[in-house]
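Dear colleague,

After it I have set out what was found, with the cut-offs for each term where the term first comes up.

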Amino acid sequence: MAKHSQPAGMVFLFDVDNTLLDNDRVIADLRTFVRRELGRKQELKYWSIFEQLRSELGYADYLGALQRYRQERPREPNVLVLSQFMIDYPFANRLFPGSLDALEHANHLGRVAILSDGDVVFQPRKVLRSGLGEAVRGRVLIYVHKEEQLADVAARFPARHYVLIDDKLRILSAVKKRWRTQVTTVFVRQGHYALEPGIEKRYPAPDRILERIGDFVQFAARSLG
């Protein structure tokens with residue numbers, strides 16, 4: 001992606017999983033499919049490998065876990081069915097109501113980009129098939145730990161002010177600590193991370209709170225920085 005030389009007034013950085021897209025439902029569908037195709041015992045084995053790999057890499061790698069599972073069971077035919085399910089999953093059906101409206105509204109207020117974490121295959125595929133990539137004109141950044149790559153984000157999208165929209169208070173807090181008054185943090189209270197009991201007591205309060213991403217269209221530019 002080419003870096004922009006001229007700073008924008010405002011840049012809106014939207015997370016994907018459980019912010020624009022109901023990733024909890026995606027994973028629930030995946031768990032059901034894995035159980036059906038592999039059986040309960042092998043399902044547990046797959047998720048054990050998945051958790052081990054996530055611990056090693058620092059992010060979720062569903063296809064990588066499947067590849068490792070295959071290495072241990074090279075004669076398991078249903079592995080190919082599982083990979084096809086993941087690649088062809090209809091992510092557009094799992095967008096939260098109002099997600100695309102939120103992106104369209106932000107496009108009227110400034111420059112908009114996706115800022116996500118994840119692997120180099122499944123996460124970009126999710127952004128593509130959901131239609132989110134098209135909605136942000138192809139401006140998509142995916143890192144292993146995005147809160148550690150803010151210098152690169154700022155170099156690619158220089159701006160007077162940033163608005164970060166995310167369901168994880170940990171991420172919002174880390175970015176606020178770094179960018180301070182240059183960023184407005186918007187906490188979207190969706191998904192299991194956002195609804196974890198006591199989570200809001202563990203981090204500083206975000207600048208704005210939304211109960212659902214569709215409510216973002218109520219914001220005016222002056223209220224965000």
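Phenylalanine 91 is buried, with a relative accessible area of 0%, where buried stands for under 20% relative accessible area, exposed for over 50% and partly exposed for what lies in between (1.4 Å probe, protein chains only). This is a predicted model, so local features need pLDDT of at least 70 and side-chain atom pairs count only at pLDDT 80 or more, while totals for chains, interfaces and linings use all residues. Residues are numbered from 1 along each chain as its sequence is written, and side-chain values use heavy atoms, with hydrogens and water left out.

The rings of phenylalanine 91 and phenylalanine 122 have their centres 5.6 Å apart and their planes at 70°, so this pair is edge-to-face. Rings of Phe, Tyr and Trp (for Trp, its six-membered ring) pair if their centres lie within 6.5 Å, and planes under 30 degrees apart count as stacked, over 60 as edge-to-face and the rest as tilted. Because phenylalanine 91 lies in the loop between helix H4 (78-87) and helix H5 (99-109), and phenylalanine 122 in helix H6 (residues 122-130), the pair ties together parts that are 31 residues apart in sequence. Helices (H or I, at least four residues) and strands (E, at least two) are DSSP runs, numbered from the N terminus. Phenylalanine 122 is buried, as phenylalanine 91 is.

A search of the whole structure finds 13 aromatic pairs. In one of them, the rings of tyrosine 89 and phenylalanine 91 have centres 4.9 Å apart and planes at 55°, so the pair is tilted; tyrosine 89 is itself buried, with a relative accessible area of 5%. Ring pairs link a cluster made of Phe33, Tyr46, Trp47, Phe50, Tyr62, Phe85, Tyr89, Phe91 and Phe122. Over the face of tryptophan 47 lies arginine 31, at 4.0 Å from the ring centre; a charge sits over a ring if NZ of Lys or CZ of Arg is within 6 Å of the ring centre and within 35 degrees of the ring normal.

Phenylalanine 91 is also touched by arginine 125, whose contacts include Ile87 and Asp88 as well, not counting residues up to four places away in sequence; contact means heavy atoms within 4.5 Å. Arginine 125 is found in helix H6 and, at 24% relative accessibility, counts as partly exposed. A polar atom of its side chain lies 2.9 Å from the backbone oxygen of isoleucine 87.

Turning to strand S2 (residues 111-117), serine 116 is found there and is buried, with a relative accessible area of 1%. Its side chain makes a polar contact with the side chain of glutamine 123 (2.9 Å), a polar contact being a pair of N or O atoms within 3.5 Å, of which, within protein, one must be able to donate a hydrogen and the other to accept it, and residues adjacent in sequence count only if both atoms are side-chain atoms. Beyond its neighbours up to four places away in sequence, serine 116 touches several residues, among them Asp15, Val16, Leu141 and Tyr143.

Two residues in the loop between strand S1 (8-14) and helix H1 (23-38) may also interest you. Threonine 19 has its place in that loop and is buried, with a relative accessible area of 0%; leaving aside neighbours within four places in sequence, threonine 19 is in contact with residues including Phe96, Ile165, Asp167 and Ile213. Asparagine 18 lies in the loop between S1 and H1 too, is buried at a relative accessible area of 2%, and has a positive phi of about 65° although it is not a glycine. Most residues other than glycine have a negative phi. Arginine 137, in the loop between H7 and strand S3 (140-143), likewise has a positive phi, near 60°, but counts as exposed at 56% relative accessibility.

For the chain as a whole, there are ten helices and six strands. The radius of gyration is 18 Å, close to the 17 Å that the globule rule gives for 225 residues, so the chain is as compact as a globular protein of that length; the radius is taken over C-alpha atoms, and the rule is 2.2 Å times the number of residues to the power 0.38. Buried residues make up 48% of the 225 residues.
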